[in-house]
Amino acid sequence: QVQLVESGGGLVQPGGSLRLSCAASKSISKIYAMHWYRQAPGKQRELVAGITKGSSTNYADSVKGRFTISRDNAKNTVYLQMNILKPEDTAVYYCNVPGTGWWGQGTQVTVSS
């Protein structure tokens, strides 16, 4: 069992940036992949970005070129750098270890002027 704790969310104006963090309670160096998801009100949870153990990455089309996922195994932390934020990025963001039931509690991101 691994506990995941997200942080870094907040209120930001359109065009702004935020960096989300997902801190794991145990070493993530042996975990093959980690994902960031988001869920907007009234919508299904969607995969935003993923990163493998070897740091290969993938992104949803809606965030390509604006978001960057990275991992620091020494700190047991995965990051999501979000730039050029849009109102449609407003959601609760969660990190997850795929294939497990390990989810964080989420962090709210609100993009609004």
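A search of the whole structure, a predicted model, finds two aromatic pairs. Rings of Phe, Tyr and Trp (its six-membered ring) pair if their centres lie within 6.5 Å. Planes under 30 degrees apart count as stacked, over 60 as edge-to-face, and the rest as tilted. Y94 and W103 make an edge-to-face pair. Their centres are 6.3 Å apart, with 85° between the planes. Ring pairs link Y37, Y94 and W103 into a cluster.

How exposed are these rings? Y94 is buried, at 13% relative accessible area. W103 is partly exposed, at 33%. Buried means under 20% relative accessible area and exposed over 50%, with partly exposed in between (1.4 Å probe, protein chains only).

A charge sits over a ring if NZ of Lys or CZ of Arg is within 6 Å of the ring centre and within 35 degrees of the ring normal. R45 lies over the face of Y94, 3.9 Å from the ring centre. The charged end of R45 also sits over the ring of W103, 4.6 Å from its centre.

**Ground rules**

Residues are numbered from 1 along each chain as its sequence is written, and side-chain values use heavy atoms, with hydrogens and water left out. In this predicted model, local features need pLDDT of at least 70 and side-chain atom pairs count only at pLDDT 80 or more, while totals for chains, interfaces and linings use all residues.

**Salt bridges**

Side chains of opposite charge can pair when their charged atoms come close. Here a salt bridge is a side-chain nitrogen of Lys or Arg within 4 Å of a carboxyl oxygen of Asp or Glu. The count comes to four.

| Pair | N to O distance |
|---|---|
| R38 and E46 | 2.7 Å |
| R38 and D89 | 2.9 Å |
| R66 and D89 | 2.7 Å |

R38, E46, R66 and D89 are linked in a network of salt bridges. Where does D89 lie? D89 is in the loop between β8 (77-82) and β9 (91-96). Its partner R38 is in strand β4 (residues 33-39), 51 residues apart from D89. Helices (H or I, at least four residues) and strands (E, at least two) are DSSP runs, numbered from the N terminus.

D89 is buried, with a relative accessible area of 0%. R38 is buried at 5%, and R66 is buried at 9%. E46 is partly exposed, at 34%.

**The disulfide**

The structure holds one disulfide. The term covers a pair of cysteine sulfur atoms within 2.5 Å. The bond joins C22 to C95, with S to S at 2.0 Å. C22 lies in strand β3 (residues 18-24) and C95 in strand β9, so the pair ties together parts that are 73 residues apart in sequence. The torsion about the S-S bond is about 65°, so the disulfide is right-handed. Are the two cysteines buried or exposed? C22 is buried at 0% relative accessibility. C95 is buried at 1%.

**An open sheet**

Four strands form an open sheet in the order β1-β3-β8-β7, with antiparallel pairing. β1 (4-7) and β7 stand at the edges, each with a single partner strand, so one side of each is left without a neighbour in the sheet. The twist averages 15° from one strand to the next. For such angles, axes are lines fitted to C-alpha atoms, for helices over the stretch in contact, and angles run from 0 to 180 degrees between N-to-C directions.

Two strands pair if DSSP finds at least two bridges between them. β3 and β8 pair in the antiparallel sense over six bridges. In this pairing A23 stands opposite T77 in β8.

**Positive phi in two loops**

Most residues other than glycine have a negative phi. Which residues depart from this? S55 has a phi near 70°, a positive value in a residue other than glycine. S55 is in the loop between β5 (46-52) and β6. S55 is partly exposed, with a relative accessible area of 43%.

N76 also has a positive phi, about 55°, although N76 is not a glycine. This residue is found in the loop between β7 and β8. At 18% relative accessibility, N76 counts as buried.
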